Amino acid sequence: MPPIIETVNLTKIFGNRLIAVNNMNLQVEEGATYGLLGPNGAGKTTLIRLLLGLIKPTAGEVRVFGKGMTINSADLRQRIGYLPTNPKFPPRMTPITYLDFIGRLFNMGRDEWMNRLSKLLRAVDLLPSASREIKGFSTGMVTRLGLAASLMNDPDLLILDEPTSGLDPAGRKSTLDLLEEIGKKKTILISSHILSDIDRICNYVGIINEGKVISSGSIKDMKKLIKNNVVRLEIEGDLEPLCTRLRSIEGITSVDEKEDFILDIALDDKAPSTQIVREIVDLVSDSGLDLISINSSTSRIEDAFLKLTKEEESTGFLRAVKS
Amino acid sequence: MQADLMGLLKSKITYGWLIAAVFLEIIARPPFGTTSLVLAQGLSYLFYIWSMLIIGIAASAVASESGEFADSLMSKPIRRYDYILAKFSSRTCYVMIVYLLIIAVLVPLSLRAALNDYEVYGLIASISLVALTLVMLTSLGVTLSTLFPNVVVPIVILLILWYAMTFFFPLLDPSLNLLSPSYLVSQLPSIAQGVYTGEEWKTVASFAAITIASAALATVYFSEKDL
């Protein structure tokens, strides 16, 4: 079975000046929730616009559902749902009239869209505001409406560009919950620079920087790649004596004090981590300090991202020469 | 097309335009004019005053939707030419609906003039000629709107072009009269009386050619351009 999304040597150059996407090869398999990570200006949105046929590639090819995507590939877009960053809607329309409009664009039958419309408005929690004009909506409501619109055609592929951008914590959580649920049945491509969102809902991730995919694979593989074995403690009290004692434990390679209550303790990869963690907890208990929290996974995907982008920057020239 | 047209018709601009136009037709009509003069004067407001509104509405058709809104829309199963032809149709229909509403007031007003000097076919011809000119203006506006992503640029270009056609073309070369709305206005009383110069077909052909050519250019260009 061909991948749902495939780019082959995809390149986009704007006005002979800006290389937004640089010889990119990417594959997204059916059923994956694929996170596209990258700093601002990395080329994420340009890649998405190429995947949707909104802009033409300068070179290379975009294949979606096994077929070449072009500006006029309406048949392929019939099967895609898309949520842009900060979606804009006609301000005088209501969620009902807008979704009605979208249903018509997809040539849906009246019964089908009526049924879907009410389900979606309920799912994105917009039922109480269904008859209000969009112009008075908050950012969160607009994003949720955009999400409903992107699901109107019951798409096989959902493409979301920064879906949690501008949302408050509650809105962000409900959006991620919804996406997690949708991800069980659909193929999703999510672009974001909020790493914890990707970590939470995606099972595959691609890191792009300066228009190139610098790493692509499962989240598990990504985490293995940057296995650091860092334990983070948040502690109330005087940390200095504790740090000294921690450094004496065999298997601990470094102890970094961050702010006045956070300790990042790096463990040797080959050392027995379970035993060392037990020793650390015992030591904190003996010191009479108040342990606020302990975790070993915070920022793991962030570390992967930073490590890979840093490596890419330092080896980019060499690779370019070799290729 | 339907959504765009309904959005325009429900806008405050439409109500404002209609109220102002009807008010102007009523208060500014010549008290002792003939039917052809009242009609010609009423129609001239469309060229000299309301053309600015038409330019604004036509030239913002595509440019005002660039960015996220265009992305949202064009990511749906729409072909580029579907979109651009819908824009042409909706803006042209809108201008024609407003025009016909103004005509519905203007014609009875002109028929109540002191002297009825009109000829039925002449009356229809003059109204149709003005309609064709407005369609051409709308078409040029939508075309320019596809060429520039910024709304202001097509509006300024079209304002300059339109008023140059209206006021400066006749001064440059008498043969350019055919393309001048002000020359057309000066001919309207005669046309309404059923008196033709025999050159009217050239104006019709020129305006129709400009309309078709600009619509074709916009469709071809928009079907290939990056959003």
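## Chains A and B: the interface and a surface patch

Y196(B) sits in the loop that links helix 9 (181-192) to helix 10 of chain B. Keep in mind that this is a predicted model. That tyrosine belongs to a nonpolar patch on the surface, together with L111(B), Y118(B), V120(B), Y121(B) and I124(B). As a group, these residues expose about 590 Å² of accessible area. Which element supplies the largest share of the patch? It's helix 7 of chain B, residues 120-147, which puts in 3 residues.

Now for the place where the two chains meet. On the chain B side, 21 residues are in contact with 26 residues of chain A. Between them the chains bury about 2,200 Å², and 56% of that lies on carbon and sulfur atoms.

On chain B, the elements giving two or more residues to the side that touches chain A are helix 5 (68-74) and helix 10 (200-224). Helix 5 of chain B gives the most, with 6 residues. Sort the residues on this side of chain B by type and you get 7 nonpolar, 4 polar and 10 charged.

With charges around, salt bridges are worth a look. Side chains of opposite charge can pair when their charged atoms come close. Over all chains the structure holds 16 salt bridges, and the count between chain B and chain A is 3. Here are two pairs that link the chains:

| Salt bridge | Closest N and O atoms |
|---|---|
| D71(B) with R49(A) | 2.9 Å |
| K56(A) with E224(B) | 3.6 Å |

Where do the partners in the K56(A) and E224(B) pair sit? K56(A) is in the loop between helix 1 (44-51) and strand 4 (59-64) of chain A, while E224(B) is in helix 10 of chain B.

How values were computed
Residues numbered from 1 in each chain as written. Chains lettered and ligands numbered in written order. Predicted model: local features only at pLDDT ≥ 70, side-chain atom pairs only at ≥ 80, totals over all residues. Heavy atoms only, no water. Contact = heavy atoms within 4.5 Å. Buried area = accessible area lost by both parts, 1.4 Å probe. Salt bridge = Lys/Arg side-chain N within 4 Å of Asp/Glu carboxyl O. Helix = DSSP H or I, 4+ residues; strand = E, 2+ residues; numbered from the N terminus. Nonpolar A, V, L, I, M, F, W, Y, C, P; charged D, E, K, R; others polar. Patch = residues over 30% accessible without salt bridge, like charges linked within 9 Å, V, L, I, M, F, W, Y side chains within 5 Å. Areas by Shrake-Rupley, 256 points an atom, 1.4 Å probe, with all protein chains shown as cover.
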